[in-house]
Amino acid sequence: TEIARAAGFETAVRSPGGRMVAYDAGAVIVDHLTRASDLHGTFERNAEQHASVIRSLGDIDARVGEVEGEYCPGEFSVNVGGRVKVIGSAQRITGTGALFSTVVQVVVDERVRQVIADVSAALGYELRPSTIAGLADVKPRLTSQQVAAALADDYRQRLDAVDAELDPDVLTHAATAARAPSGDLPLDVDAWARTHPLA
């Protein structure tokens, strides 16, 4: 926590879990909630679908699978050419459904690379820094806005979804969370949500 904050990053314990990850405005975050009963299958299908969306953006050899030495290693990471990790996912399963949370690294600057390496070292995690990459490293000029638009279009098509305004209570809840004070420990998302329930 101290290392991350010294580098200018806020810290949080993520609901879906997983190891340490760092990102900034160069990343796209997707949180997909589902009530599906085949939760492991949902995890795999979402990873495959995200890889498919990335491949549709151009000549990108996106594959599902862990790269040796990657940060926050996982069976359903998405890599490029088996060399660099560009998407990490985690899934939180409950009795009624699951949260599938994805970090798509598009533009990874040196600050993000360094904090991943420094925090991983402090936690004793094995890491090959050469596996840290963004999609723009393999397809220059690709932007996070383009990737977000492609992912949104994919969700609209495969889930028959439509754009809608967020419930005002959800927006108020999110604004309150954004003002949560920083302490000595990372913000625990679940603990905060339990003490600040939606009406």
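This report describes the sheet, the helix packing, the salt bridges and some surface features of one predicted protein model.

## Basis of the description

The model is predicted, so local features are described where pLDDT is at least 70 and side-chain atom pairs count only at pLDDT 80 or more, while totals for chains, interfaces and linings use all residues. Residues are numbered from 1 along each chain as its sequence is written, and side-chain values use heavy atoms, with hydrogens and water left out.

## The sheet

Five strands form an open sheet in the order β2-β6-β5-β4-β3, with antiparallel pairing. Helices (H or I, at least four residues) and strands (E, at least two) are DSSP runs numbered from the N terminus, and two strands count as paired if DSSP finds at least two bridges between them. At the edges stand β2 (27-34) and β3 (62-64), each of which pairs on one side only. Neighbouring strands of this sheet are turned by 20 degrees against each other on average, direction ignored; the axes behind such angles are lines fitted to C-alpha atoms, for helices over the stretch in contact, and the angles run from 0 to 180 degrees between N-to-C directions.

Going through the pairs, β2 and β6 run antiparallel and are joined by eight bridges, with A27 standing opposite Q105 in β6. Strands β5 and β6 are also antiparallel and are joined by seven bridges; G88 has V103 in β6 as its bridge partner, and a hairpin of four residues connects β5 to β6. Strand β4 (residues 78-80) pairs with strand β5 (residues 84-93) in the antiparallel sense over three bridges, and here V80 stands opposite V84 in β5.

How many of the residues of β6 are buried? Eight of its eight residues are buried, where buried means under 20% relative accessible area, exposed means over 50%, and partly exposed lies in between (1.4 Å probe, protein chains only). Both faces of β6 are covered, with A98, F100, T102 and V104 buried on one side and L99, S101, V103 and Q105 buried on the other.

Helix α5 (residues 144-159) packs on the sheet and touches β2 and β6 (98-105), and its direction makes about 20 degrees with that of β2. Contact in this sense means heavy atoms within 4.5 Å.

## Salt bridges

The structure holds eight salt bridges, a salt bridge being a side-chain nitrogen of Lys or Arg within 4 Å of a carboxyl oxygen of Asp or Glu. One of them brings together the side chains of D24 and R111, at 3.9 Å from N to O. D24 lies in the loop between β1 (12-13) and β2, and R111 in helix α3 (residues 110-123), so this pair ties together parts that are 87 residues apart in sequence. D24 is partly exposed at 22% relative accessibility, and R111 is likewise partly exposed, with a relative accessible area of 37%.

A salt bridge also forms between D137 and R113, whose closest N and O atoms are 2.9 Å apart. This pair links distant parts of the chain, with D137 in helix α4 and R113 in helix α3, 24 residues apart; D137 counts as partly exposed at 44% relative accessibility. The side chains of D163 and R156 meet in a further salt bridge at 3.0 Å, N to O, and salt bridges that share partners join D153, R156 and D163 into one network.

## Loops and surface

R141 is found in the loop between α4 (135-138) and α5 and is exposed, with a relative accessible area of 76%. D160 lies in the loop between α5 and α6 and counts as exposed at 70% relative accessibility.

L166, V170 and L171 make a nonpolar surface patch of about 260 Å². Patches are made of residues with over 30% relative accessible area and no salt bridge, like charges being joined within 9 Å and nonpolar side chains (Val, Leu, Ile, Met, Phe, Trp, Tyr) within 5 Å, and accessible areas come from the Shrake-Rupley method with a 1.4 Å probe, with only the protein chains shown counting as cover for residues. L166 is found in the loop between α5 and α6 (168-178) and is exposed, with a relative accessible area of 54%.
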